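Reader: I am new to reading protein models, and I would like to go through this one step by step. Could you take my questions in turn?

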Amino acid sequence: MKKKKSRKIGKFVVIALIVLGVLVYFFVPPVNATMNNILKMFASGDFTVVRQFVESYGAYAALVSFLLMILQSIAAPLPAFLLTFANANLFGWWKGAILSWSSAMAGAAVCFYIARLLGRDAVEKLTSRTGLKQIDEFFEKHGRLSILIARLLPFISFDIVSYAAGLTSMSFGSFFIATGIGQLPATIIYSYVGGMLTGGAKMFVTALLLLFALSALIVLFRQLYVEKQKKKNSN
């Protein structure tokens with residue numbers, strides 16, 4: 001009974017915050033202008049634009065970056081890697097990695113609890129029905145290792161996975177640990193590259209991302225092979 005009451009209160013708080021956010025966006029011009037600039041910034045696909053935006057906040061740059069990562073998590077599928085590159089380029093690769101990893105974890109937790117409190121209909125509006133269905137099928141196929149595998153694959157939406165996980169019966173602890181472990185390699189790689197990026201480094205980044213995707217595919221195929229062998233041995 002107490003758990004149900006807490007969940008209702010949590011649901012009410014989340015809905016109230018969403019409604020408040022929408023009202024502020026439409027009726028407070030400076031907020032509206034800032035949000036539109038943020039969306040354009042992510043849509044540009046240029047990490048230097050993101051870097052300049054974060055840097056403009058001076059002493060509050062790290063906090064702004066942290067909040068931007070949570071925002072992009074909720075507003076899936078804005079590209080988080082641009083922010084990871086920007087963080088590394090602005091704060092240095094290892095400080096940027098810590099900032100990007102911790103803020104991505106916070107964003108994942110927010111998405112998980114939004115899904116758990118508001119349910120599937122709300123998640124479909126925040127993401128997409130097709131994308132959510134694909135992640136559901138991925139979860140069914142890979143079972144308890146789904147989160148860890150998904151975090152290792154750069155072409156699977158980080159944020160939709162977080163939302164989808166909140167719709168399942170898995171515990172937050174299991175989700176959070178698997179996310180933390182699985183997200184770490186990508187964050188370190190992107191941050192290390194981001195720390196070296198210049199305007200003319202696009203080809204290098206593309207090649208590196210392809211290499212990382214290939215490595216992730218090898219991990220995935222290995223897991224599929226292991227699962228297939230287990231099924232064969234159990235029959």
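Reader: How many helices and how many strands does the protein chain have?

Author: This is a predicted model, in which local features need pLDDT of at least 70 and side-chain atom pairs count only at pLDDT 80 or more, while totals for chains, interfaces and linings use all residues. Residues are numbered from 1 along each chain as its sequence is written, and side-chain values use heavy atoms, with hydrogens and water left out. Helices are DSSP runs of H or I with at least four residues, and strands are runs of E with at least two, numbered from the N terminus. Counted in this way, the protein chain has twelve helices and zero strands.

Reader: What share of the residues of the protein chain counts as buried?

Author: A residue is called buried when its relative accessible area is under 20%, using a 1.4 Å probe and protein chains only. Of the 235 residues in the protein chain, the share that counts as buried is 38%.

Reader: Which element gives the most residues to the lining of the largest pocket?

Author: A pocket is an open set of points on a 1 Å grid over the protein atoms alone, where a 1.4 Å probe fits, with protein on both sides within 12 Å along at least five of seven lines, and its lining residues have an atom within 4 Å of a point. The largest pocket has a volume of about 950 Å³, the volume being the space filled by probe spheres set on the points, which are joined across faces, edges and corners. Among the elements that give two or more residues to its lining are α4 (61–74) and α6 (93–118). The element that gives the most, with ten residues, is α1.

Key:
Buried < 20%, exposed > 50% of the residue type's maximum accessible area, 1.4 Å probe, protein only.
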